[in-house]
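This briefing is meant to be read beside the sequence and the coordinates. Please keep both open while going through the points.

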Amino acid sequence: MADTQQVDAKAERKVARLAKQIDAFSKAHGGAEGQVAYIGERGARIVLVGEDGGWGDLVAPSYAIAEKAVEKSGITVHESFDGEFAAKVRTGPYEWTRMAGIQVGGPSNG
């Protein structure tokens, strides 16, 4: 029983830490919305999009922890990353350069 309590306490600390990071992102970007995606054994990815178009992501060790973290943070969560939600993302020169590099064979195309 003690092992289960330790695992639960560790998971709750991780949920609290992720929720705090989501809250900080939300405050820095005038609010935020998110989407949780299962990424296999690695866990789940929480994609965040701010009201100002800024975006970022966090990785949780499990889908359940990610779901609890977004619930605790109180942000709106979308089922998928498409439509109006995806259209809110604003990319800058860095992202366009990275995407162009990927399209033409990577950054060292010389």
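The points below cover confidence, fold, sheet pairing, core and selected residues.

The model is predicted, so local features need pLDDT of at least 70, side-chain atom pairs count only at pLDDT 80 or more, and totals for chains, interfaces and linings use all residues. Residues are numbered from 1 along each chain as its sequence is written, and side-chain values use heavy atoms, with hydrogens and water left out. The protein has four helices and four strands (DSSP runs numbered from the N terminus: H or I of at least four residues for helices, E of at least two for strands). Their order from the N terminus is α-β-β-β-α-β-α-α.

**Confidence**

- Mean pLDDT (the predictor's confidence in each residue, from 0 to 100) is 85 for the protein, and 82% of its residues reach 70 or more.
- Confidence is highest in helix 2 (residues 63–73), with a mean of 96, and lowest in helix 4 (residues 93–103), with a mean of 64.
- Where pLDDT is low, predicted coordinates should not be read in detail.

**Overall burial and contacts**

- Of the 110 residues in the protein, 32% are buried (under 20% relative accessible area; exposed is over 50% and partly exposed is in between, with a 1.4 Å probe and protein chains only).
- The protein exposes about 7400 Å², of which carbon and sulfur atoms supply 53% (Shrake-Rupley method with a 1.4 Å probe; for residues, only the protein chains shown count as cover).
- Taking contacts (heavy atoms within 4.5 Å) between residues at least 6 apart in sequence, 55% join residues at least 24 apart.

**Strand pairing**

- Strand 1 (residues 32–38) and strand 2 (residues 44–50) run antiparallel and are joined by seven bridges (two strands pair if DSSP finds at least two bridges between them).
- These two strands form a hairpin with five residues between them, and Gly-40 in the turn has a positive phi of about 85°.
- Strand 2 is also antiparallel to strand 3, with six bridges; four residues separate the strands in this hairpin, where Gly-53 takes a positive phi near 90°.
- Strand 1 pairs in the parallel sense with strand 4 (residues 76–78) over three bridges.
- Gln-35 stands opposite Val-47 in strand 2 and opposite His-78 in strand 4.
- Val-49 is opposite Glu-33 and, in strand 3, opposite Trp-55.
- Five of the seven residues of strand 1 are buried, leaving the strand mostly covered.
- In strand 2, six of seven residues are buried, so the strand is largely enclosed by the rest of the structure.

**Nonpolar core**

- The largest nonpolar core has 16 residues, of which Ile-22, Ile-46 and Leu-48 touch the most other members (a core is a set of buried Ala, Val, Leu, Ile, Met, Phe, Trp, Tyr and Cys residues joined through side-chain atoms within 4.5 Å).
- Helix 1 (2–28), strand 1, strand 2, strand 3 (55–60) and helix 2 each supply at least two residues of this core.
- In soluble globular proteins, nonpolar side chains tend to be buried together.
- Beyond its neighbours within four places in sequence, Ile-46 contacts Ile-22, Gln-35, Val-36, Gly-56, Asp-57, Leu-58, Ala-66 and Val-70.
- Ala-66, in helix 2, is buried at 0% relative accessibility.
- Not counting residues up to four places away in sequence, Ala-66 touches Val-36, Ala-44, Ile-46 and Ala-60.
- The C-alpha atoms of Ala-66 and Arg-45 are separated by 7.5 Å, with the two residues 21 apart along the chain.

- One aromatic pair is found in a search of the whole structure (ring centres of Phe, Tyr and Trp, the last by its six-membered ring, within 6.5 Å; planes under 30 degrees apart are stacked, over 60 edge-to-face and the rest tilted).
- Phe-81 and Phe-85 have ring centres 5.2 Å apart and planes at 80°, so the pair is edge-to-face.
- Phe-81 is partly exposed at 37% relative accessibility, whereas Phe-85 is buried at 3%.
- His-78 is partly exposed at 24% relative accessibility.
- With residues up to four places away in sequence not counted, His-78 touches Glu-33, Gly-34, Gln-35, Val-36 and Phe-85.
- The C-alpha atoms of His-78 and Val-47, residues 31 apart along the chain, are separated by 9.9 Å.
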